[in-house]
Amino acid sequence: MSLLEIRELRTWFDTRGGVARAVDGVSLSVARGETVALVGESGSGKSVTAYSVLRLIPRGRGRIAGGQVLFDGTDLLTLPDAAIRAIRGNRIAMIFQEPLSALNPVLSIGQQIAEAIRLHRPLSARAAWERAVALLEQVQIPSPQRRAHDFPHQLSGGMRQRAMIAIALACEPDLLIADEPTTALDVTTQAQILDLLRRLQAEHGMGLLLITHDLGVVAEVADRAAVMYAGRVVEEGPVEALFAAPAHPYTQGLLASLALDELPPGARLPEIPGTVPSLLAMPPGCAFAPRCAHARPACHAEAPLLSAGAGRGVACHFPLTRLAPPAAVAGGLVKAAA
Ligand code: ADP
Ligand code: MG
């Protein structure tokens, strides 16, 4: 059984212009000790997927309209509020792109880590502080004894992200969700934080759901990846296979953009003309069809489903790579991707 299994998740927002289906039928799984990347351009629904897992979608504005989020077999979407609070920051932790907005400006980082521990563990203030210092050491903050007294504004961006990671690790989570954890950092610091995440993930055997728009990051850290476009997963599979032979024209376009590397943040993808469709005006067929060089009439008529095969899946009527049907692989012993 997967540690995390998202099934047909739908998260919709009621807006003045109508219902925005930010996440519309996303399925995704993360096994223990596995790193799964969720990739896609800005606005594709990656963060909304992550927030939905922890039930952090602001009430009133958005709603989870369907699906299941099985964590160790329990559906998080149907748990009472108290039960989900007991899981958040404990068995599932999350780190964000901009640590400054996630950290409390008036508490030292040592205090914040200690609080995160004491929220879920019966430790004395003193023991929690000692553990906080040990965690700062684990995330390689120099002079952790002294630095524990620092306030967030006294730390550099990279150090703040390390402090966030320390808070996330406070209760030794089974699953860590990292939403663009290195996007706000310079390239050198990015590499250090990725290294750190990779090392900690291996040491703690956590499942890691790593959200990024950066395929370079995916190549470096992930075992598997799911590519999102306009609220849906359009392709998924082991990173090596995905990079070697992308089956969805969108994945191919993303990879071609990667080859042009070092695009400034927010730049258009030169290999994929056009922009992501508005969630309020989704085309009737495949959401990518209007931008797709390979689109045929069928693509504009009907939305393709994610077809599974040999641990890979693609939602395309005319995939660039034929995925072997699951039954044909190793005499049907290989599990079909859900
Ligand atoms: P990503 O993380 O992939 O960049 P998001 O998951 O943040 O994208 O957003 C997906 C879509 O959901 C976007 O079109 C965004 O405008 C919409 N969205 C997110 N939050 C809200 C909200 N509170 N109200 C309305 N729409 C929202
Ligand atoms: Mg996001």
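This is a predicted model: local features need pLDDT of at least 70, side-chain atom pairs count only at pLDDT 80 or more; totals for chains, interfaces and linings use all residues.

Residues are numbered from 1 along each chain as its sequence is written, chains are lettered from A and ligands numbered from 1 in the order in which they are written, and side-chain values use heavy atoms, with hydrogens and water left out.

**Exercise 1. Find where confidence is highest and lowest in the chain.**

Step 1. Start with pLDDT, the predictor's confidence in each residue, from 0 to 100. The chain averages 90, and 91% of the residues score at least 70.

Step 2. Compare strands (DSSP runs of E, at least two residues, numbered from the N terminus). Strand β5 (residues 74–75) is highest at 98, whereas strand β11 (residues 307–309) has the lowest mean, 71.

Step 3. Look at residues 328–338, where pLDDT is below 50. Beyond near neighbours in sequence, this stretch has 13 contacts (heavy atoms within 4.5 Å) in the model.

**Exercise 2. Describe the surroundings of ligand 1.**

Step 1. List residues with a heavy atom within 4 Å. Among them are Phe13, Ala22, Glu41, Lys46 and Leu279.

Step 2. Check polar contacts, here pairs of N or O atoms within 3.5 Å. A polar side-chain atom of Ser47 is 2.9 Å from a ligand oxygen, and a polar backbone atom of Ser44 is 3.1 Å from an oxygen of the ligand. For Arg61, a polar side-chain atom lies 3.4 Å from a ligand nitrogen.

Step 3. Consider area, by the Shrake-Rupley method with a 1.4 Å probe. Alone, ligand 1 exposes 560 Å², of which the protein buries 68%.

Step 4. Ask which element gives the largest share of the shell. That is helix α1 (residues 46–53; DSSP run of H or I, at least four residues), with 3 residues.

**Exercise 3. Is α1 largely enclosed or open, and why?**

Step 1. Pick out the buried residues (under 20% relative accessible area, 1.4 Å probe, protein chains only). They are Lys46, Val48, Thr49, Ala50, Ser52 and Val53.

Step 2. Because 6 of its 8 residues are buried, α1 is largely enclosed by the rest of the structure.

Step 3. Move on to Arg55, which follows α1 and has a positive phi, near 55°.

Notes
A polar contact is a pair of N or O atoms within 3.5 Å; within protein, one must be able to donate a hydrogen and the other to accept it, and residues adjacent in sequence count only if both atoms are side-chain atoms. Buried means under 20% relative accessible area, exposed over 50%, partly exposed in between (1.4 Å probe, protein chains only).
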